[in-house]
Amino acid sequence: MKVANLLGALALLALASSFATAYDPSPLQDICVAINDIDSAVLVNGKFCKNPSLYTPDDFSFSGFDVPGNTSNQLGVHVNIVTADLMPGLNTLGVSMARIDFAPNGGLNPPHYHPRASEILKPGDLIVFPFGLVHFQLNIGKTPAVAIAALTSQNPGVNTVANAIFGASPSINPAVITTAFHLDKELVEDLQTQEWVNPT
């Protein structure tokens with residue numbers, strides 16, 4: 001009986017220790033430079049991998065991030081986001097970067113969210129926007145401003161709220177928007193006829 005109890009205790013301990021070390025493995029691999037040639041590559045994270053013997057320094061660098069974007073648009077903002085599409089070496093690394101340029105006196109990166117990433121922003125202090133949280137940035141200063149953001153995905157995605165609601169194609173029934181947002185139907189119809197700017 002003592003042997004059976006000992007074996008039972010050891011089996012329970014073995015099971016418990018295996019649960020204690022279990023975790024979700026990262027779906028990423030060390031390096032997989034993205035390539036558009038589907039015939040000569042392996043698919044990882046939605047991108048095809050370049051043959052490692054063909055990697056170049058250009059796969060791991062991006063020029064122009066220091067250049068201010070043109071903010072002379074209706075929002076007074078320009079977003080330059082660097083993902084694996086622009087810098088193939090980011091593929092599988094789970095990161096992308098954005099430079100956000102703001103015009104003075106109200107440059108606005110409108111309310112938006114990232115369906116596949118959290119965003120980390122440093123405007124003097126560090127701010128974190130979790131996955132899917134609607135957020136915006138507004139320059140209340142009298143001079144141009146710039147923010148650098150890190151995103152926790154090689155392809156974070158961005159959905160601008162106003163564009164998705166008022167600029168949808170096909171358009172959302174005005175009665176739905178009127179009821180959901182407590183707006184006047186004529187205002188909704190007017191907003192749906194306007195052109196909605198994409199900050200990127």
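# Questions at the binding-site residues and beyond

Guide: Welcome! In this predicted model, UniProt, in an unreviewed entry, places the feature "binding site" at His112, His114, Glu119 and His135.

Visitor: What makes His112, His114, Glu119 and His135 gather at one spot?

Guide: These residues span 24 residues in sequence, yet no two of their C-alpha atoms are more than 11.3 Å apart, so they gather at one spot. Of these residues, His112, His114 and Glu119 belong to the lining of the largest cavity.

Visitor: Which residues does the other "binding site" annotation cover?

Guide: That UniProt annotation, also from an unreviewed entry, covers Asn109, His114 and Glu119. From this set, Asn109, His114 and Glu119 are taken in by the lining of the largest cavity. As for His114, look in the loop between β6 (108–113) and β7 (119–121).

Visitor: Why are helices α3 and α4 called oblique to each other?

Guide: Helix α3 (residues 174–181) and helix α4 (residues 185–193) pack at an angle of about 120°, with their axes 9 Å apart. Angles of 65 to 115 degrees count as roughly perpendicular and those over 145 as roughly antiparallel, with the rest oblique. The helices α3 and α4 are therefore oblique. Their crossing is right-handed.

Visitor: Which residues make the contact?

Guide: From α3 come Pro174, Ile177 and Thr178, and α4 brings Lys185, Val188, Glu189 and Gln192. By type, the residues of this contact are three nonpolar, two polar and two charged.

Visitor: How do you know that the peptide bond from serine 169 to proline 170 is cis?

Guide: Its omega is near 0°, and the bond is cis. Proline 170 sits in the loop between α2 (161–166) and α3. For context, most peptide bonds are trans.

Visitor: What makes asparagine 105 worth a look?

Guide: Asparagine 105 is not a glycine, although its phi is positive, about 55°. Most residues other than glycine have a negative phi. You will find asparagine 105 in the loop between β5 (96–102) and β6.

How values were computed:
Residues are numbered from 1 along each chain as its sequence is written. This is a predicted model: local features need pLDDT of at least 70, side-chain atom pairs count only at pLDDT 80 or more; totals for chains, interfaces and linings use all residues. Side-chain values use heavy atoms; hydrogens and water are left out. Axes are lines fitted to C-alpha atoms, for helices over the stretch in contact, and angles run from 0 to 180 degrees between N-to-C directions. Helices (H or I, at least four residues) and strands (E, at least two) are DSSP runs, numbered from the N terminus. Angles under 35 degrees count as roughly parallel, over 145 as roughly antiparallel, 65 to 115 as roughly perpendicular and the rest as oblique. A crossing is left-handed if the near helix is turned anticlockwise from the far one by less than a right angle, and right-handed if clockwise. Contact means heavy atoms within 4.5 Å. Ala, Val, Leu, Ile, Met, Phe, Trp, Tyr, Cys and Pro count as nonpolar, Asp, Glu, Lys and Arg as charged, and the others, Gly among them, as polar. UniProt positions are given in the numbering used here, feature names are shortened, and annotations may be inferred rather than shown by experiment. On a 1 Å grid over the protein atoms alone, a cavity is a set of points where a 1.4 Å probe fits but cannot get out, and a pocket is an open set with protein on both sides within 12 Å along at least five of seven lines; lining residues have an atom within 4 Å of a point.
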